[in-house]
Amino acid sequence: MDIDKNRITPGGTKDYIYEECAKRRECEDLVRAILTSFNYREVYTPTLEYLDVFSSGVGKINADTVYTLSGNDGKLLALRPDSTKPISRLYSSRLRGEKLPLRLFYNQSVFKRNLDYYKKANEIRQIGAELLGQDGESADMEMLTVALKSMKALFGNNFALEIGHMGFMRSILNGLSGEYKERAKIAISAKNYPEILRLADELSLLKGGKQEALVDLLRKLPKLFGDSEVLSKAESLKVSAEASEAIKELKDIYKKLKKEGLSDNVIIDLTVVNDYDYYTGVVIKGFVTGEGAEVLSGGRYNTLYGDYNLNVPATGFAIDLNAVARILLNTKKSDSKKLTLVLTKGRIQNEIAKRFKAIGIDMPTSKDETRKLIFEFDNFRVVYAKSNDVVTFVEHGVADAGIVGKDTLLESEIERGVYEILDLGLANCRFALAGLKGADVLSGCDIKTIATKYPVVTKRYFGKKMMDVEIVKIEGSVELAPILGLADAIVDLVESGRTLEENGLEVKEEIHQISARLIVNPVSLKLKKKEIEELVRRLSNDKNN
């Protein structure tokens, strides 16, 4: 028996003791009081459900994220990864005789295998609301009101509730086809502005001219989030009837929230594409300063009950009580109001320092003899870290933004919780496949050996080629591997190609262009929009000069 392992909890779980338990109970009671005041009644679904509840239909959950086990009857069971689908199952089996609309709430844990590093918890305590059988503006207003009052009870004014509408983005994505639709969906979801603009440029070159309005929309998407002025800007765009109706719905809702005195903490984002196939109308997310991801999420999902051959419109939201308690108990995070920017030392440090100096900010270079890691300026502060840590600090919300090479982002095995919003055009190079001059490294039936410092990029590259290769990780001069006979080829960063040439190697195929990128934390982009946009504007202006 491994005694040490018997003393710790599995990854993604933890024990809660003393103040943590008290704070979480306090938060539960605050939200429960609000929900019951709106006549929501509590339900509790089994921790174990049949896997079939989650493995098909609308809202199908990625099987890789579900904990499964075998039941007494031999059928596969799942630890509840979500509360909404079990409630739809509960309604279809036991509550169909209840008069609609039906107001329900739950306070229970969900269990998900951790695939994204920044979402650490595998067991999440949630409290949430479901409004069944009522469609339209009045139902959306009720859900928004309950969500706003809940966030205010928990955080005072230190939060923002973001409102979007799936109808707007659905109309844009449905105007695209095949590869373009999938690329746009991924890029917009990640707020990858360089890729969105690159896609718009590609579409503008297509023949026929039918894409002109769509190209214009794509180019303006990065600006379609912020305060209520976003809705006025959107009204001036050439959009489909579905998108136009979505804008109108949001504008009417915002007016009513303002009339009720509930609009102060509301922001708008028309570029929401998360859970594209699940949500059908208004969607919401709640953010708190200093937290790397949303603490509340939800929206309208009118097609979910179709899995049970029922026509029951529904809307709801869930609050992550783990995150809420952690935020309210955390005294370690800095209370600095400055924009925190984390930069990398090494290969691109000097080029970044030069770019900042051009906009009036004197950054240290690699030649400066200092071991300081944090530098304070008037409106922001700069932190220096290793390249992989730049992404981690931004992802977890301890830094608002960072500058890192695209190679670091590509080498990540998982989707990181950051937005990539600007290609700085610095430290330009490329990932390339290289080998000895004259050697054929891409044909033949034998399995090739590839040496690299970047195994994730290499595996992904050869996976697309449907080639089975053996990858050898090298930390130093990777060019030595084919020369000494360790490998048939290498995958590495190439700038001028001079090192390859001097060692008898040549580029066989380019894999990806690399440059320095400005990344931001999703919550910071919402709550510090003006500061981040000003930084982007200044860096972009210098880039174009």
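Me: Is Tyr384 buried or exposed?
Reply: This is a predicted model, and Tyr384 has a relative accessible area of 5% in it. Buried means under 20%. Tyr384 is therefore buried.

Me: Which residue forms an aromatic pair with Tyr384, and what is the angle between the planes?
Reply: The ring centres of Tyr384 and its partner, Phe375, lie 5.9 Å apart. Phe375 has a relative accessible area of 14%, so Phe375 is buried. Planes over 60 degrees apart count as edge-to-face, and this pair is edge-to-face. The partner is Phe375 and the angle is 85°.

Me: Why is the pair of Tyr278 and Tyr301 stacked?
Reply: A pair of aromatic rings is described by the distance of the centres and the angle of the planes. For Tyr278 and Tyr301 the centres are 5.4 Å apart. Planes under 30 degrees apart count as stacked. The pair is stacked because its planes are at 20°.

Me: Where in the chain do Tyr278 and Tyr301 lie, and how many residues apart are they?
Reply: Tyr278 sits in the loop between strand 9 (266-269) and strand 10, and Tyr301 in the loop between strand 11 and strand 12. Both residues are buried. The pair links distant parts of the chain, with Tyr278 and Tyr301 23 residues apart.

Me: Which residues form one aromatic cluster with Tyr301?
Reply: The count of aromatic pairs comes to 7. One of these is the stacked pair of Tyr278 and Tyr301. The cluster that holds Tyr301 also contains Tyr278 and Tyr279.

Me: Which residue has a side chain joined to that of Thr340 by a polar contact?
Reply: Thr340 belongs to strand 13 (residues 339-344) and, at 5% relative accessibility, counts as buried. Leaving out residues up to four places away in sequence, Thr340 touches Arg381, Val383, Val398, Ala399, Asp400 and Ala401. The polar contact between side chains has a length of 3.0 Å, and the partner of Thr340 is Arg381.

Me: Which elements give two or more residues to the lining of the largest cavity?
Reply: The structure holds 2 cavities of 30 Å³ or more, and the largest contains about 60 Å³ of space. Its lining residues include Asp140, Met143, Leu144, Val282, Ile284 and Arg300. The elements are helix 4 (137-155), strand 10 (282-287), strand 11 (296-300) and strand 12 (314-320).

Me: How many nonpolar, polar and charged residues are in the lining of the largest cavity?
Reply: Gly298, Gly299 and Gly316 are among the lining residues, and Gly counts as polar. Asp140 and Arg300 are also in the lining, and Asp and Arg count as charged. The division is 4 nonpolar, 4 polar and 2 charged.

Me: How many nonpolar residues does the lining of the second largest cavity have?
Reply: About 30 Å³ of space lies in this cavity. Ile188, Lys191, Tyr193, Ile196, Leu221, Pro222 and Thr271 line it. Tyr and Pro count as nonpolar. The lining has 1 polar residue, 1 charged residue and, as the number asked for, 5 nonpolar residues.

Me: Which residues lie nearest the centre of the second largest pocket?
Reply: This pocket holds about 850 Å³ of space. Among the elements that give two or more residues to its lining are helix 13 (387-395), helix 14 (406-410) and strand 21 (489-494). The lining divides into 9 nonpolar, 10 polar and 12 charged residues. Of the 31 lining residues, those nearest the centre are Arg347, Asp407, Lys453, Tyr454 and Leu493.

Note on methods:
Residues numbered from 1 in each chain as written. Predicted model: local features only at pLDDT ≥ 70, side-chain atom pairs only at ≥ 80, totals over all residues. Heavy atoms only, no water. Helix = DSSP H or I, 4+ residues; strand = E, 2+ residues; numbered from the N terminus. Buried < 20%, exposed > 50% of the residue type's maximum accessible area, 1.4 Å probe, protein only. Polar contact = N/O pair within 3.5 Å; in protein donor to acceptor, adjacent residues only side chain to side chain. Contact = heavy atoms within 4.5 Å. 1 Å grid on protein atoms, 1.4 Å probe; cavity = no way out; pocket = protein on both sides within 12 Å on 5 of 7 lines; lining within 4 Å. Points joined across faces, edges and corners; volume = space filled by probe spheres on them. Phe/Tyr/Trp six-rings, centres within 6.5 Å; stacked < 30°, edge-to-face > 60°.
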